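These are my notebook entries on one structure. I set down what I looked up, entry by entry.

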Amino acid sequence: MMSSPTYHYTKADLVAALCAAGVTEGDVIFVHASLGRLGYSERGRTMQDACSVALETLLEALGSTGTLLVPTYSYSIGKGEVYDPDSTPSTLGDFTEHVRLQPEAIRSADPMLAVSGIGPEAASLLQNLPRTCYGPGSIYDRLHDRGGKIVMLGLDLFWATYRHYIEEKAGVPFRFKKLFTGTVRQQGIQTRQTWIYSCAPRLDNCAPNGIALGKLARDQGLSASIKVGRGEVCVIGAREYAQLGIEVFAQDPWNSAKGPPLTTAEIIALEDARTFSQAEVISLPENASMEQMLTTLAPLKRDIVSAGYDSALNALAGQLPMTIHEFASGTECSTWIVPEKWTCHEAALQSLDGRTLFSTQDHALHVVSYSMPFDGVVSREELLRHLHVHPRLEDAVPFVFKYYQRDWGLCCTQRQRAALTDDEYRVIIRTDTSYSHLKVGEVIVPGQSDASFVLCAHLCHPAQAADDLSGVVVGMEVMRRLRTRKNLRYTYRFLILPETIGSAAWLSRHSHLISKLHGGLFLEMLSLPHAPALQMPFDEQTPAARVLKAAFEKGSPDGWCGAYRSIIGNDERQFNGPGARVPMLSLSRVLPRSHPEWPYREYHSSEDDVAHASIPHLENSVELVMQMIDAWEANQIPLPRFTGEVFCSRYGIHIDHTTQPELHRHFFSIMDQIDGRQSVSEIARNCGATADAVRETLEILERHNLVV
């Protein structure tokens, strides 16, 4: 005969335990519960009954002025699912779901770590949250500021997710911030939202283990534990727990991880081994030509953080002395966050009889960059929702990226898509993400001054040549030539980086240099057979803007100019943006926006290959950049060695108005502007003269030692 279960506590027992542990009327409490571990209160009661009793007990202890918060996490966008606060169930068990379903409950809009609350402060704590799960302004941050309490029913303090808030606040080395983008539906309206979540590398050393911190809290009397039924009730103040954690992590950053501790380099090495994503060694001949660099590096899978990108950057570092700056996944760079490394082992579409219709073995672009893994049979309708084609080119595979979206995707040609007539297909996408480093290469040619001119190009975009490997190889050749120069006035920096986020990362670490960056030039799409295009910076009145534009117009009669953001957008936006305002122009060979094939025919496709690259146009681009740099070098600030107006007759200075009409017209006004504060371009602007006229005036005066 089966024995009846033993019931270990009553409602009165739970009320008494909560009061004894420090829960009082008017508190704000955050409750984790495992009622099964406590035991049921009466014979014959169901788990639903137990949930009701527990909720009644907690609300009774808090009184009408207290507020109950319960984690009703769904992890929806982490799983690629739509999150709806009203209908998405909690994944944390019966009690949390019971609270969520109460008519008076309010639930937060966090699509990862939603929290439900009942009480007068629930709305102020749970609504209008910033899109961060553990960061400033999050529910945990608000709980801390409010002086709330963590309550554990039947669970050890180890299970309190509040600890991850403390870990993020302390910046422990075994967790990093990660962006998750997905769909949130509220009151029937769907929006795409991005939230920041704190992750740990998928290594045994980084697994959570908060036992030591919980024991310390108990030993120091910060947490109170009262036996109830088969378990206990534990209560600790949020502020006290956070202060303890911050102090402990300052001394032992790995206290709440399984360990043993690892360095960042060791974590990345283990992650690379786990995902089989080590960079391969790429051989380039010494002093490789632009064509050799382009041909060798173009086929590589150069996603923004990837083994292919690292392979290419390492190969370039063998050509010129280069510093490689590293930024760990999760690093905040102004408003940007460094993503994880992405590795694609295989991606293919197969028919159900096993035929491979296309795969990354054919071309790297057949998979969406940063696609989630997927392996399964899908309907044709479902497949087409995840299958991308080029909008114009019938036989080209498009380059599509979803760096921060939790989705899978394949790419193919228009012809391949049109041939898909079966009802179902097999999708195979084997990809991994891993904690790693985003890398920025920097080549420096020092000048007489630490005032700098910065060149920039991005190395990412897998298996493509013009965008923007062409800009990289032009920059490499320009820096080679500058290294042979003597007595350069300016220091020149060339940055090789992943698009947009690379410049954000470099600027965030080099904010002390921003005031010394007097000008810049982004190099982009320079292997195309189109006329050169110069895009101006945000402030067109800076010396860099005027000097480079004048040199461009002189050196490229067939070229054309456009305002900031009017031709093509790239990393110059980060340099020109608020807080930096470095006047970086952009040199490219793209078509005007009015052209139906803007920015160029092969853009973001498998046809952007070496076969479509024009080496003569690369070489012409180098010459044009050097002419612009020569003009910049010549844009000195002349210092006068005279007072008042020069007695020209004494020095035999005479400007013939018939042979030098412009110089004759502007000579004296130019001379009036030489005050030791204005550059050549500024003097030219103030006088309405050309920079050449100013330089010619200076040459005349220099011959007589009247300026330096």
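Entry 1: The model I am reading is predicted. I searched the whole structure and found two cavities of 30 Å³ or more. The largest cavity holds about 90 Å³ of space. Its lining includes Lys301, Asp303, Trp342, Thr360, Ser369, Phe399 and Pro462. By class I recorded eight nonpolar, two polar and two charged residues in this lining.

**Entry 2: the second largest cavity.** I read a volume of about 30 Å³ for the second largest cavity. Among the residues that line it are Asp110, Leu113, Thr132, Ser138 and Trp195. The class count here is five nonpolar, two polar and one charged.

**Entry 3: the largest pocket.** I next looked up the largest pocket, which has a volume of about 440 Å³. I listed 26 lining residues for this pocket, and Lys178, Arg202, Glu340, Arg406 and Thr433 lie nearest its centre. Strands β6 (176-186) and β18 (424-434) each supply at least two residues of the lining. The largest share, five residues, comes from β6.

**Entry 4: the nonpolar cores.** Which members of the largest nonpolar core touch the most other members? I found that Tyr492, Leu521 and Phe575 do, in a core of 110 residues. Helix α19 (residues 615-633) gives this core its largest share, 10 residues. I also noted a second, separate core of 50 residues, which includes Leu157, Phe180, Cys206 and Ile267. In soluble globular proteins, nonpolar side chains tend to be buried together.

I then followed Leu521. Setting aside residues up to four places away in sequence, I listed its contacts, among them Phe453, Leu455, Leu534, Leu548, Met584, Leu587, Val625 and Met628.

**Entry 5: histidine 437.** I recorded a polar contact of 3.2 Å between its side chain and the side chain of glutamate 326. Leaving out residues up to four places away in sequence, histidine 437 touches Thr264, Ile268, Val305, Glu326, Phe327 and Ala328.

How values were computed:
Residues numbered from 1 in each chain as written. Predicted model: local features only at pLDDT ≥ 70, side-chain atom pairs only at ≥ 80, totals over all residues. Heavy atoms only, no water. Core = buried A, V, L, I, M, F, W, Y, C linked by side-chain atoms within 4.5 Å. Buried < 20%, exposed > 50% of the residue type's maximum accessible area, 1.4 Å probe, protein only. Helix = DSSP H or I, 4+ residues; strand = E, 2+ residues; numbered from the N terminus. Contact = heavy atoms within 4.5 Å. 1 Å grid on protein atoms, 1.4 Å probe; cavity = no way out; pocket = protein on both sides within 12 Å on 5 of 7 lines; lining within 4 Å. Points joined across faces, edges and corners; volume = space filled by probe spheres on them. Nonpolar A, V, L, I, M, F, W, Y, C, P; charged D, E, K, R; others polar. Polar contact = N/O pair within 3.5 Å; in protein donor to acceptor, adjacent residues only side chain to side chain.
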